[in-house]
Amino acid sequence: MRGRGKEPAVTAPPPANALLPLLSPPNPRVAVLVLHGGRASSGSRARPWQLASLRMDPVVRAVSAALPGEDALVARVRYRLRGWNGERADPASDTRRALRELTGLAGSVPVVLLGHSMGARAALHAAGHPQVRAVVGLAPWWPTGEPVRAVEGRHIVALHGDRDRVTSPAETAACVRRAGATAARAGMALIGGGDHAMMRRPRFWHRTAAAVVAHLLDPEGTPDPLPQECYGTGDFPVL
């Protein structure tokens, strides 16, 4: 992901909660944490009205509609800062804190982490939490050599636009292939004509992401929307 903004990374006090529940039934059986994108480096506060956060609103709606309301908790992760900020990996720390808060709220329920761009990178880093069942990355920022050990025994699925000029579909494919050595299952699909912001073919992005999440949380009862070729060893298919 190209760096946008030159603000230095600074320490910001954490918000009251890193977990922001959006759909919270009294006795959830499963949960989805949604992680929005950001910047490579920024010490500015993350705000809910920023475009990176707003971009995930239709994704949240699609996921909430695809899951049984009485069983599924859907929540966002609230970041302290907009930037990844090098080795500090601030959004990954926020995600781990949100997972701890989720455990206190809902108990030991299976969790899917659904992240866009920088949010997908945070999800990958936080995937080692014992409740995480899967990571779903939308146009993920998974640079060359990104550690994948946290997804050992878990599922990892990536959807990446083939016209993305911000993050690299090739780097995503390489990351998925490396993760496949130890993951329970690893797959990827390219969105034909898709861009980084998911503005081209938006309904397809949202519908497919929601269906993938629903399948990962209920593999027996919900069919996988992706073709088998997405999990192969050859080139990943274009949808």
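A residue counts as exposed when its relative accessible area is over 50%, and as buried when that area is under 20%. Gln 228 has a relative accessibility of 55% and is therefore exposed. The model is predicted.

**Gln 228**
- Gln 228 lies in the segment that follows α6.

**Ser 53**
- Ser 53 belongs to helix α1, which covers residues 51–54.
- With a relative accessible area of 6%, Ser 53 falls under the 20% limit, so this serine is buried.
- Apart from neighbours within four places in sequence, the contacts of Ser 53 are His 36, Arg 47, Pro 48 and Arg 76.

**Helices α3 and α4**
- Two packed helices are described by the angle between their axes and the distance between those axes.
- For α3 (residues 90–106) and α4 (residues 118–126), the angle is about 60 degrees and the axes are 8 Å apart.
- Angles of 65 to 115 degrees count as roughly perpendicular and those under 35 degrees as roughly parallel, so α3 and α4 are classed as oblique to each other.
- The α3 and α4 helices cross in a right-handed sense.
- On the α3 side the contact involves Pro 91, Ala 92, Thr 95, Arg 96 and Leu 99, while α4 supplies Met 118, Ala 122, His 125 and Ala 126.
- By residue class, the contact of α3 with α4 holds six nonpolar, two polar and one charged.

**Covering of α4**
- Eight of the nine residues of α4 are buried, which leaves the helix mostly covered.
- These buried residues are Met 118, Gly 119, Ala 120, Arg 121, Ala 122, Ala 123, Leu 124 and Ala 126.

**Helices α2 and α6**
- Helix α2 (residues 57–66) and helix α6 (residues 202–217) cross at roughly 45 degrees, and their axes come within 8 Å.
- The α2 and α6 helices are therefore oblique to each other.
- The α2 and α6 crossing is right-handed.
- From α2, the residues Pro 58, Val 59, Ala 62, Val 63 and Ala 66 meet His 206, Ala 210, Val 213 and Ala 214 of α6.
- The residues of the contact of α2 with α6 comprise eight nonpolar, one polar and no charged.

**Cysteines**
- A disulfide requires two cysteine sulfur atoms within 2.5 Å, and the count by this rule is zero.
- Cys 175 is in no disulfide, and the nearest cysteine sulfur to its own, that of Cys 230, is 16 Å away.
- Cys 230 is likewise in no disulfide, with the sulfur of Cys 175 as the nearest cysteine sulfur at 16 Å.
- Cys 175 has a relative accessibility of 1% and so counts as buried.
- Cys 230 has a relative accessibility of 0% and so counts as buried.

Notes:
Residues are numbered from 1 along each chain as its sequence is written. This is a predicted model: local features need pLDDT of at least 70, side-chain atom pairs count only at pLDDT 80 or more; totals for chains, interfaces and linings use all residues. Side-chain values use heavy atoms; hydrogens and water are left out. Buried means under 20% relative accessible area, exposed over 50%, partly exposed in between (1.4 Å probe, protein chains only). Axes are lines fitted to C-alpha atoms, for helices over the stretch in contact, and angles run from 0 to 180 degrees between N-to-C directions. Helices (H or I, at least four residues) and strands (E, at least two) are DSSP runs, numbered from the N terminus. Angles under 35 degrees count as roughly parallel, over 145 as roughly antiparallel, 65 to 115 as roughly perpendicular and the rest as oblique. A crossing is left-handed if the near helix is turned anticlockwise from the far one by less than a right angle, and right-handed if clockwise. Contact means heavy atoms within 4.5 Å. Ala, Val, Leu, Ile, Met, Phe, Trp, Tyr, Cys and Pro count as nonpolar, Asp, Glu, Lys and Arg as charged, and the others, Gly among them, as polar.
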